[in-house]
Amino acid sequence: MKNTVTTLLEQKKNNDKITMLTAYDYSTAKLIDEAGINTILVGDSLGMVMLGYEDTISVTMEDMIHHSAAVARGAKNAFIVTDMPFMSYQTSVYDAVFHAGRIMKEGRANAVKLEGGLSVCPQIKAIVEASIPVVAHLGLTPQSVNAFGGFKVQGKDTQAAKRIIEEAKAIEEAGACMVVLECVPEKLATYITKQLSIPTIGIGAGNGCDGQVLVYQDMLAMYSDMTPKFVKHFGEIGEAMKIAFQNYTSEVKSGTFPAPEHSFTISDEVMAEVTKE
Ligand code: KIV
């Protein structure tokens, strides 16, 4: 069954946790979809885990559309959320609606995600009015890494915690259908989850959210440049890949690969004809 804004809202009401993983390509999206994950995030984290940048700032609209369309071809049932890259919505309401439209039309997403609270409420309202579902993102918002001075937990003091609560209420009021809470204390995220009628998806926000998201390379131990405290390895796929690559090297060098079963045959008669001098 296709996951939609309505089914995700039902899951919140029924206390049925929502699963979300990132994906950036057709084959991974297909595997995630077949595993029954509710929603796929085509995150701008692709800048780091797919393209090797040190943050998400350099990711472009073309990057997001290219990867979103690939994911959409692979996922049948997962609800696809695609990130709006840095400076595609902060500049104006017009830019926000225009770029959200491109992500839907060309990237075939089911919703767009943007970072920020009160400052982006006019953008959220306008995008929703254009019939495009919006997922908000509060707490540690990686596009603001330079303003934050690094990837740090947010909302730990009274003022900061109150601000996140206020922003969460504001984005719901503006029409967001879901919100990602990143790197906020568990009790604060649980409180916000109870205050909102839309689902909250946590990453480094504890167990009280309506759902969880992880970057797939993090949960499969495929990305080692940075390992945040909230990451759990659900498989040692990075190591398994390395071993497979090493086995391939040994077999190619020793001549055991390709074996006869991996090769194509031709009749001796034809070979005799073509090699006749
Ligand atoms: O870009 C991304 O993958 C994200 C998640 C970390 C929530 O925004």
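This is a predicted model: local features need pLDDT of at least 70, side-chain atom pairs count only at pLDDT 80 or more; totals for chains, interfaces and linings use all residues.

Trainee: How many helices and strands does the protein have?

Mentor: Helices (H or I, at least four residues) and strands (E, at least two) are DSSP runs, numbered from the N terminus. Here there are twelve helices and eight strands. The C-alpha atoms fill a box of roughly 85 × 40 × 35 Å, taken along the principal axes.

Trainee: What share of the residues is buried?

Mentor: Buried means under 20% relative accessible area, exposed means over 50%, and partly exposed is in between (1.4 Å probe, protein chains only). Of the 277 residues in this protein, 49% are buried. For a residue in the middle class, take Val-93 in helix α5: its relative accessibility is 35%, so Val-93 counts as partly exposed.

Trainee: Now the strands. How do I read the two sides of one?

Mentor: In a regular strand, side chains alternate between the two faces of the sheet.

Trainee: Which strands does β3 pair with?

Mentor: Two strands pair if DSSP finds at least two bridges between them. Strand β2 (residues 39-42) runs parallel to β3, joined by four bridges, and Leu-41 has Val-81 as its bridge partner in β3. β3 also pairs with β4 in the parallel sense, over three bridges. There, Val-81 stands opposite Ala-111 in β4. Between β3 and β4 the chain passes through helix α5 (residues 93-105), in a β-α-β crossover that is right-handed. That word has a rule: with the strands pointing away from the viewer, the path from the first strand over the helix to the second runs clockwise.

Trainee: Where does the chain go from β4?

Mentor: Strand β4 (residues 111-115) pairs with β5 in the parallel sense over four bridges, with His-137 in β5 as the bridge partner of Glu-115. The chain crosses from β4 to β5 through helix α6 (residues 121-129), and this β-α-β crossover is right-handed. β5 pairs in the parallel sense with strand β6 (residues 178-182) as well, over five bridges, and Val-180 is the β6 bridge partner of His-137.

Trainee: Why is β5 described as largely enclosed?

Mentor: Six of the six residues of β5 (residues 134-139) are buried, so the rest of the structure largely encloses this strand.

Trainee: What is the volume of the largest pocket?

Mentor: The search uses a 1 Å grid over the protein atoms alone: a pocket is an open set of points where a 1.4 Å probe fits, with protein on both sides within 12 Å along at least five of seven lines, and lining residues have an atom within 4 Å of a point. Points are joined across faces, edges and corners, and a volume is the space filled by probe spheres set on them. The largest pocket comes to about 660 Å³. Of its 35 lining residues, the closest to the centre are Glu-182, Cys-183, Ile-203, Pro-228 and Phe-230. The elements giving two or more residues to this lining are α3 (46-49), β4 and β6.

Trainee: Last topic: how many salt bridges are there?

Mentor: A salt bridge is a side-chain nitrogen of Lys or Arg within 4 Å of a carboxyl oxygen of Asp or Glu. The whole structure has seven. One of them joins Lys-12 to Asp-210, with the closest N and O atoms 2.7 Å apart. Lys-12 lies in helix α1 (residues 5-13) and Asp-210 in the loop between β7 (200-203) and β8 (211-214), so the pair ties together parts 198 residues apart in sequence. Both Lys-12 and Asp-210 are buried.

Methods. Residues are numbered from 1 along each chain as its sequence is written. Side-chain values use heavy atoms; hydrogens and water are left out.
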